[in-house]
Each structure stands twice: as structure tokens, then as C-alpha cells.
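Here's a quick briefing to read with the model open in your viewer.

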Amino acid sequence: DTQKKPPHVAIVPTPGMGHLIPLAELAKQLVLHYKFFVTFIVPSDGSLMEPHKKLLQALPETVSSIFLPHISFNDLPEDTEMEARIILSLIRSLPALRESLTVLNDSTRDLPEPIKLPGCVPIQGSDLVDALQDRKKEAYKLIIHNTKAYNMAAGIMVNSFVDLEPGAFKALEEGVQGNPPVFPVGPLIRTDSEVDGSECLSWLDRQPEGSVLFISFGSGGTLSQEQLDELALGLEMSGQRFLWVVRSPKKAANANYFDVQSMNDDPFDFLPKGFLERTKEVGVVVQSWAPQVRVLNHGSTGGFISHCGWNSVLESIVHGVPLIAWPLYAEQKMNAVLLADDLKVALRVKLNDKGLVGSEDVAEYAKGLIEGEEGKMLRNRMKDLKEAASVALTKEGSSTKSLAEVVQIWNTHKN
Ligand code: UDP
């Protein structure tokens with residue numbers, strides 16, 4: 001198992017610097033050469049611990065330390081030998097030590113540093129799929145169960161293309177012997193055109209080229225009321241043209257996932273007072289659903305605020321539209337990392353201390369993407385990616401060939 005997590009070692013030094021100094025050096029070697037994690041659990045007899053703290057603080061970040069509560073030697077005679085004190089300091093710290101080890105086991109197994117998956121840009125643990133965030137949840141167990149079954153597949157088709165994730169596909173190809181072959185056959189995106197929503201398309205017809213920001217959080221994405229307010233005010237503040245698919249606010253970000261076009265209440269009722277009137281010259285809001293592929297294909301569309309669902313990502317790439325990555329749930333944060341950190345075709349939103357994307361930030365992202373220098377760079381790179389996507393699907397393209405391989409395998413299988 002090449003992906004096995006490195007061990008986490010707890011080191012318990014006896015009091016005094018003489019023991020701590022060489023152990024600190026040992027810890028350094030373990031984390032620097034072997035990528036281990038180390039935690040010092042330090043008993044304390046009430047003497048001044050400042051030099052210990054200083055020494056430990058100077059160690060690499062993956063070395064952490066816990067100072068145990070002072071133990072008391074008040075009951076010992078004045079002339080108790082040093083050796084006895086050292087041993088007693090450990091014995092008397094045992095209950096606290098046990099507790100620290102339990103806490104450590106439960107809470108710091110998590111990797112403090114970004115995870116380096118083969119062929120991918122480093123990713124923070126918190127950006128991994130939602131289902132992996134809490135080991136106690138049912139989804140976690142099921143995901144792990146499914147992932148372990150990876151090798152049972154005869155092959156895996158992926159809705160992506162080699163040039164979108166070259167590092168990852170190479171790593172999969174060179175992966176462990178016996179792993180299933182991977183066939184990137186995408187982008188497979190919706191091509192039939194929807195008839196509904198022609199009003200917003202004719203509005204787009206009247207807007208200047210590349211001037212409109214499209215906002216949609218996929219089929220199931222919803223925002224809280226507070227977030228809806230910030231987004232609305234931010235769009236207004238930005239002065240940019242926009243086409244926004246608005247849903248009624250919900251507590252859970254994926255509240256609409258199994259209930260796609262829930263029309264129970266009028267989402268416009270939840271917009272800030274006077275917003276529609278104040279923005280009617282520059283913006284259009286549609287209720288719950290827009291013909292997204294046609295919007296992204298429209299020349300007036302210049303940017304896309306997206307929750308980074310994979311279909312939306314591919315649709316944006318195929319039409320060369322740079323993004324503001326606003327991930328909400330599932331694996332969307334991973335997709336946002338790919339878009340913003342690796343491919344550099346998106347700005348990723350930051351959350352403020354209230355856990356919201358603030359209106360001023362929204363305004364800045366919107367202006368930056370549609371009018372700014374950075375937006376220009378993102379757009380240029382997106383053009384290259386659009387080209388690569390279309391090449392992958394040509395007769396000789398990598399995805400066409402990949403699919404032909406699968407077809408060949410299936411044909412042979414049948415005969
Ligand atoms: N979609 C659409 N109009 C909308 C919202 C979504 O046509 O107003 C389509 C979008 O084009 C995409 C799909 O719904 O094909 C959403 O898939 P995605 O993977 O982006 O997100 P999910 O809905 O799975 O979160």
C-alpha cells in the first residue's frame with residue numbers, strides 16, 4: 001500500500017534538557033527524512049519549562065508538543081535523589097499521559113500538511129471530498145468501502161481528458177501493477193439544447209461580448225439567506241452584468257440535490273429589498289434553472305461563478321469560460337483546487353470569519369474576472385484548455401482513441 005499514512009510517533013522525554021536535546025534531533029530526522037509525524041508529550045515537575053518550550057518551538061511544523069500538568073513533589077523529603085525524582089515524574093504523569101495519547105489518537109491523525117497525491121497539485125485535507133471529513137459518519141465508511149473495491153474493476157472510464165489532468169493520468173498509468181486501466185473519454189457534456197429559458201438567451205443577445213457573469217450552483221446547490229444577501233450585494237457593487245440562477249435559501253448547501261426544481265416558494269422573495277429594481281439595467285435573475293450549456297456557449301458570457309460540479313467544470317472548459325470557483329459540497333473543493341491551483345483558469349473564493357463569501361470580495365472577484373488583468377490571464381489559459389478539449393475529441397484525439405479501445409474490448413468480449 002504505497003499510500004499508507006506515515007506513522008505518528010509520541011516521544012516522552014524525562015525532565016531536564018539533557019534528554020530533550022537529542023530527542024529533538026531524533027524528531028527532526030523522523031519528520032525530515034521519513035515524513036513521520038511526531039508529538040512530544042512532556043511531563044513537568046513544576047520547574048521552569050521555558051528552555052524546553054523554546055527548543056520544541058524551533059522544530060519543524062510537523063512536530064507538535066503537549067505539556068502535561070505539573071505534578072507535585074511536595075510529599076518528598078528534601079534530599080530525594082535526582083534519579084528518584086526523574087522516575088517519579090514519569091510515574092506520576094501516567095494518568096495525564098494516557099489521556100493525551102487518547103486525545104492524540106482521536107484528533108491528530110489528520111495530516112497537518114497538504115496531501116501530495118501522485119501527479120496532482122498538493123491539496124489540504126479539508127479540501128478532500130466531504131465524505132472523508134468525518135470518520136464517524138456513514139458516508140465515510142461507504143466511501144472507504146467502495147475505494148477499497150477499486151481493483152475489482154476491469155477498467156475505469158473517466159469523464160475527463162489527458163491534457164486536463166496529465167499528471168494524474170500518468171500516475172495512474174504508471175501505478176501499481178494490477179490496478180485497472182483508466183480510459184479518459186471526455187469531456188462528455190450535454191449537447192441537446194434546452195427549449196426553456198429562451199428569454200435569458202435573448203437578453204444575452206443584447207449584451208456586449210464577454211461582458212456577462214453567469215452564476216449558477218448546479219442542479220442541487222443552495223445558499224443560506226446570509227450568503228444570498230452577500231452575493232446579491234456584491235454583484236450590485238461590482239457593477240458587472242450578470243445572469244443569476246436564484247434558488248430559495250436553505251440551511252444545507254445540497255438541500256436541492258434530490259429535488260432539483262423545487263418551486264415551493266418564490267426565490268426572488270429572498271433577495272435584498274429593491275435589488276431587482278436597482279440592478280435591472282445590468283442583471284437578469286432566473287428562477288431555479290437556466291439552459292446552462294447554451295448560456296456558456298453564448299458570446300456575451302465572460303465568466304462563470306460556479307459551485308464546481310464536474311459537469312459545470314467541463315461545460316465551462318468546452319466553452320472557454322473562466323470561472324470563479326465557489327465550491328459547496330461533495331468533491332467540489334477538489335475540483336476548485338484543480339481549477340485554481342493547477343490549471344489556473346479560476347479564482348477561488350475565500351470565506352470570511354463568518355464562513356461567508358463577503359459582498360466586497362464578491363465584487364472584487366466579479367470585476368477581476370470580467371475586467372481585470374488576472375481575468376485576462378485566466379481567460380487566455382482557458383482558451384488553451386478549450387482547444388485541448390476539442391482536440392481530445394477529434395478523430396485522432398486522445399479521448400476518441402480511448403473510447404475506441406474500450407469499444408474494442410467490449411466487442412471482443414461479446415464474441
Ligand atoms: N444545469 C443547468 N441549469 C441550471 C443548473 C444546472 O442546465 O440552472 C445543468 C448543468 O449544465 C450541468 C448540471 O446541470 O450539466 C449540473 O451538474 P454539475 O456536475 O455541475 O453539478 P451537480 O448538479 O451535480 O451538483
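A residue counts as near a molecule here if its C-beta atom, placed from the backbone, lies within 6 Å of that molecule. Keep in mind that this is a predicted model. With that cut-off, the shell around the ligand holds 17 residues, and Gly218, Ser219, Gly309, Asn311 and Ser312 come nearest. Two elements, α9 (292-296) and α10 (310-318), each give two or more residues to that shell.

**Around the ligand**

- Which element gives the most to the shell around the ligand? That's α10, with four residues.
- Sorted by class, the shell has nine polar residues, six nonpolar ones and two charged ones.

**Backbone spots to check**

- Cys308 sits in the loop that runs between β9 (301-306) and α10. Its phi is near 70°, a positive value in a residue that isn't glycine.
- Is Cys308 buried or exposed? Cys308 is buried, because 30 other C-beta atoms lie within 10 Å, and the cut-off for buried is 20 or more.
- Ala330 is another non-glycine with a positive phi, about 50° in this case. You'll find Ala330 in the loop between β10 (323-325) and α11 (332-342).
- Ala330 has 21 other C-beta atoms within 10 Å, so Ala330 is buried too.
- There's a cis peptide bond going from Gly186 to Pro187, with omega near 0°. Pro187 belongs to the loop between β5 (182-184) and α6 (198-205).

- β2 (residues 37-44) pairs with β1 (residues 8-11) in the parallel sense, over four bridges. Within that pairing, Val9 has Val38 of β2 as its bridge partner, and Ile11 stands opposite Phe40 in β2.
- How many bridges join β2 to β3 (residues 63-70)? Six, and these two strands also run parallel.
- The chain gets from β2 to β3 through helix α2 (residues 50-57), in a right-handed β-α-β crossover.
- β1, helix α1 (residues 17-34) and β2 form a right-handed β-α-β unit as well.
- β2 is mostly covered, with six of its eight residues buried.

**Nonpolar cores**

- The general picture is that nonpolar side chains tend to be buried together in soluble globular proteins.
- Here, the largest nonpolar core has 59 residues. Leu213, Leu243, Ile324, Ala325, Leu339 and Ala346 are the ones that touch the most other members.
- What is Leu243 in contact with, leaving aside its neighbours within four places in sequence? The list is Cys200, Leu204, Val212, Phe214, Val284, Ala290 and Val295.
- Another core, of 11 residues, lies apart from the largest one, and its members include Leu20, Ala24, Val31 and Val63.

- Ile370 is part of helix α12 (residues 359-370). Ile370 counts as buried because it has 22 C-beta neighbours inside 10 Å, where 20 or more is the requirement.
- Leaving aside neighbours within four places in sequence, Ile370 is in contact with Ser211, Leu213, Gln240, Gly302, Gly303 and Gly375.
- Ile370 and Leu323 are 47 residues apart in sequence, and their C-alpha atoms are 9.9 Å apart in space.
- Met152 is in the loop between α4 (138-148) and β4 (156-158). Why does Met152 count as exposed? Because Met152 has 7 other C-beta atoms within 10 Å, and 12 or fewer means exposed.

Notes. Residues are numbered from 1 along each chain as its sequence is written. This is a predicted model: local features need pLDDT of at least 70, side-chain atom pairs count only at pLDDT 80 or more; totals for chains, interfaces and linings use all residues. Ala, Val, Leu, Ile, Met, Phe, Trp, Tyr, Cys and Pro count as nonpolar, Asp, Glu, Lys and Arg as charged, and the others, Gly among them, as polar. Two strands pair if DSSP finds at least two bridges between them. A crossover is right-handed if, with the strands pointing away from the viewer, the path from the first strand over the helix to the second runs clockwise. A nonpolar core is a set of buried Ala, Val, Leu, Ile, Met, Phe, Trp, Tyr and Cys residues joined through C-beta atoms within 7 Å. Two residues are in contact if their C-beta atoms, placed from the backbone, lie within 7 Å.
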